[in-house]
Amino acid sequence: MSTDTPTFRAAHEATSAPEPATSAGTIHDAQGWSSRTWLLLVVLCGALFLDGLDISMVGVALPSMGTDLGMTPAGLQWIVSGYVLGYGGLLLLGGRAADLLGRRQVFLTAVAVFGVASVVSALLSSPEAIVSLRFVKGVAAAFTVPAGLSIITTTFVEGPARNRALGIYTVVGASGFSLGLVFGGLLTEVGWRAVFLLPGPIALLLVVVGLRVVPRSQRTVARIRDFDLTGAVTSTAALLLLVVGVVEAPTRGWTDGFVLTTLIASLLLAVAFVVTELRHSSPLIRLGILRSWHLVHANVAGAIMAGGYFAFQFLVTLYLQNSLGWSPLAMALGFLPTGLLVVASSTKIDRVLARVRTQVLIAVGMAAFLAAYVLFLRVDPGLGYVPLLLPTMILLGIGFATTFPSINAQATSGVADHEQGLASGLVNTSVQIGGAIVLAIISAVLGSAAASEGPAQVGQLIPGMVDGLHVIVAITSVGVLASFALLVPRRRPAPTIG
């Protein structure tokens with residue numbers, strides 16, 4: 001990944017305009033940094049590392065957790081969806097809070113909440129309580145990421161110093177996601193509780209160090225009306241109810257009173273959110289920004305890309321561990337080539353973006369994702385890793401390496417300086433929300449199949465697995481077709497004569 005990826009630059013900043021008193025930065029030189037500067041980077045990078053580490057580690061631990069707590073695939077998907085809904089739903093509010101309440105205060109408080117929630121969740125056995133804490137951790141990340149990136153951009157002067165800091169930040173973040181698979185595999189061999197526990201003590205240690213090295217900054221006197229709380233609540237609640245309705249529909253029926261009530265309430269809350277954004281003096285999203293087709297395309301592509309991958313990883317994780325009996329570590333190493341390709345590309349992608357249009361890179365990347373999923377449709381318990389999974393992992397790596405940075409670069413292209421944070425924060429929100437919604441759909445497909453066919457059998461495909469793969473292929477195909485359609489030159493009307 002590069003500094004132009006949604007996860008790292010997208011939160012840069014999901015905020016309003018930077019504070020004038022600190023935007024100039026204090027560190028000019030890219031070399032000879034003091035020990036205090038390096039400790040500051042360790043704290044900021046460490047928080048982002050834990051974010052990526054936590055997401056990928058938990059994914060590896062889901063099958064073991066499901067067996068221990070008796071959770072169905074529908075229940076397990078909430079372990080992931082709870083986090084991404086909290087993160088995606090409140091990212092823009094988190095960035096706004098960092099500006100108004102102070103970046104240091106918001107960052108350290110959010111990291112502390114993340115750490116405490118990690119420790120407590122490792123001690124629980126109630127699936128509902130664990131999902132609730134996953135949501136809390138997602139909310140904490142929604143406040144941590146924009147505040148952390150803002151601290152970097154207001155501490156390091158634009159140019160070589162900031163580029164070096166952001167480069168380190170990017171690589172560490174990408175490494176967290178990649179290494180999380182390995183750590184998750186190792187820790188799950190001990191027990192899934194170890195996976196939930198690990199980020200806790202590390203996060204709390206980062207807070208202790210951060211109290212000494214994170215710089216203070218001026219802040220605006222915060223007023224309740226400066227926060228679009230109504231917009232944050234209605235948007236997050238609408239998404240939450242949408243996921244609930246989609247997950248429950250296969251077992252209850254689409255005409256069930258609970259399902260219909262949930263989906264109608266989601267729609268009404270979505271309408272309320274739009275009305276709020278049109279009327280609020282400081283909306284989370286200025287809806288007029290959506291007139292840019294570049295930004296809309298980037299957001300749609302980001303949602304489809306993340307949705308397909310989150311769902312695919314969830315489905316394949318259950319298949320490899322529950323049906324084929326792979327150990328958590330073996331499964332994590334099986335996915336590792338994807339992460340290694342992303343990390344390897346992080347130092348080269350900026351040059352590619354300078355030479356190739358983002359629309360082309362997005363189309364190529366989406367096509368790589370589609371090819372990866374189509375290849376996996378050959379799935380058969382008798383096929384080994386090299387003929388089946390390895391080609392898919394390589395194509396997924398190519399897809400991430402080209403699509404992630406291109407989506408964010410396109411989302412912010414042509415956007416006014418004072419709305420760069422809004423545009424980049426919006427695309428990262430789309431990534432998280434897309435992941436939650438498609439994951440809910442796949443969970444519903446698996447749940448419906450399990451209800452009619454019975455539980456998965458060892459050495460066989462998971463009930464509904466092929467149907468789920470077809471859904472992922474269909475959704476990704478929409479992204480591919482839309483991306484390539486935008487590459488077709490538009491004909492201009494012939495000039496009139498006379």
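**Exercise 1.** How much space lies in the second largest cavity?

*Solution.* The model is predicted, so local features need pLDDT of at least 70, side-chain atom pairs count only at pLDDT 80 or more, and totals for chains, interfaces and linings use all residues. Residues are numbered from 1 along each chain as its sequence is written, and side-chain values use heavy atoms, without hydrogens and water.

Step 1. On a 1 Å grid over the protein atoms alone, a cavity is a set of points where a 1.4 Å probe fits but cannot get out; lining residues have an atom within 4 Å of a point.
Step 2. The whole structure holds three cavities of 30 Å³ or more.
Step 3. The second largest cavity contains about 130 Å³ of space, a volume being the space filled by probe spheres set on the points, which are joined across faces, edges and corners.

**Exercise 2.** Describe the lining of the second largest cavity.

*Solution.* Step 1. Its residues include I55, F177, Q313 and L439.
Step 1. The largest share, five residues, comes from α11.
Step 2. Eight lining residues are nonpolar, three polar and none charged, where Asp, Glu, Lys and Arg count as charged.

**Exercise 3.** Describe the second largest pocket.

*Solution.* Step 1. A pocket is an open set of points with protein on both sides within 12 Å along at least five of seven lines.
Step 1. This one holds about 590 Å³.
Step 2. Its lining has 26 residues, with F273, I285, L426, T429 and I433 nearest the centre.
Step 3. Helix α16 gives the largest share, seven residues.

Note on methods
Helix = DSSP H or I, 4+ residues; strand = E, 2+ residues; numbered from the N terminus.
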